[in-house]
Amino acid sequence: MSFQAPKGTFDWLPPRSEQILAVREALVAPVRRAGYGYVETPVFEDTQLFARGVGESTDIVSKEMYTFPDKAGRSLTLRPEGTASVVRAVLQHGLHNGQLPVKLWYSGSQFRYERAQKGRYRHFWQVGAEALGAEDPALDAELVVLGAEGFAELGLTGVRLLLNSLGDKVCRPAYRAALQEFLRGLDLDDDTRARIDINPLRVLDDKRPEVRAQLAGAPLVVDHLCAACKAYHEEVRSLLTAAGVAYEDDPRLVRGLDYYTRTTFEFVHDGLGSQSAVGGGGRYDGLSEMLGGPPLPSVGWALGVDRTFLAMEAEGLLSGDEQGRAPGLVQVYGVALGDDARRRMFLLVDELRRAGVSADMAFGGKGLKGAMKGADRSGARFALILGERDLAAQAVQVKDLTTAEQTEVPLAQVVDVLKGKVQ
Ligand code: HAM
């Protein structure tokens, strides 16, 4: 019997796994340059944190959580997102009593029991950034700009930004009532009717054509914003325009989590089939209070690393080097013939590594042909070939694997020579 990774999950293997590391790094580089500090929270939390934070009526909480009792009978849940955990950590450690906003970024696995398909996984990776404790349109704009810069850093050109405002506790109730009244007049199934009472905004997000057709005349939240929310939203929009970040107003943008207030946004890419969102976020001014904390107006986003990778693939940004080889893990690959040469090579690759040159060598007693094949497959730029005769002459053959050009270099100088060549 052999095992398979669970449905909706997959493995990242070399050389693609190197590329996914680079994608994660590039997506968070802009927030790291903007004073966001790294936070790591547990992969599982008290189930109630997500039930209260993300919202009981969301698909995430009602259908998609990996929830289990631990051996002491506590109900724990594998995190489906990072925001609730970050707010929990800030409150638990009193970070909000210091300098505000508290700016944090994270990177990690998330778990949602969704219908698995391309771009929609049960185990996926997000990088995220949250700024807690300030109500300032410049902070919303900063995060949007930094998110857009992350995608730009990777060379992506097909990412579009959708922007909306969901109002606040002043104007949302009146909008909600207007929306409920409109929805109650439609021809909908019982499940959807039930949703009108619990979370009418979610009905706006229904993807079924027969429902969509009826939603054409639905009241829009932008038409119901109070003066303060309207002014706030205008300021966010004008800062984005001033920063040269293109956005599209999307009055129908509804996010899948309940904690949002005011600014909401999504980064979408059209090369991913039905899953177009490569990232999303917004302001969540009430979340801290929902979790038992003080008022802590905050804003943040999470970017989907797996979907960003798919978007890069769709834009042809992930091909190998000019020869079509996948990027190698090492710069240098050692091929030694004979026991003495092998012993010397063992020391030489270690010396190279300590000098900052990445190096590997042929293991398993292969002959010259097999070892040279290993050198080619490794993706290394240079092969070091050491035979008994070379060893006697205290020299090594350095072969440039891209040009097949070979030169003899004294063993005593080879580390310096290679250092010069690979930098
Ligand atoms: P979200 O929109 O649920 O927001 O997820 C953010 C991103 O994670 C999505 O745009 C998508 O790229 C990726 N993602 C979500 N579900 C999946 C999946 N099943 N498979 C692959 N990728 C997926 C949040 O999680 C919020 N915590 C964002 C936020 C932070 N809001 C404020 N601060």
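The crossing of helix α13 with helix α16 is right-handed, that is, the near helix is turned clockwise from the far one by less than a right angle. This is a predicted model, in which local features need pLDDT of at least 70 and side-chain atom pairs count only at pLDDT 80 or more, while totals for chains, interfaces and linings use all residues. Residues are numbered from 1 along each chain as its sequence is written, and side-chain values use heavy atoms, with hydrogens and water left out.

Helix α13 spans residues 339-354 and helix α16 residues 414-422; their axes come within 10 Å and cross at roughly 45°. Axes here are lines fitted to C-alpha atoms over the stretch in contact, with angles from 0 to 180 degrees between N-to-C directions. Helices are DSSP runs (H or I, at least four residues), numbered from the N terminus. In the contact (heavy atoms within 4.5 Å), Leu348, Glu351 and Leu352 of α13 meet Val414, Val415 and Leu418 of α16.

Next, helix α1 (residues 16-32) and helix α12 (residues 305-314): their axes come within 10 Å and cross at roughly 110°. That makes α1 roughly perpendicular to α12, a term covering 65 to 115 degrees. Among the contacting residues are Arg16 and Ile20 of α1 and Phe309 and Met312 of α12.

Conventions. Helices (H or I, at least four residues) and strands (E, at least two) are DSSP runs, numbered from the N terminus. Angles under 35 degrees count as roughly parallel, over 145 as roughly antiparallel, 65 to 115 as roughly perpendicular and the rest as oblique.
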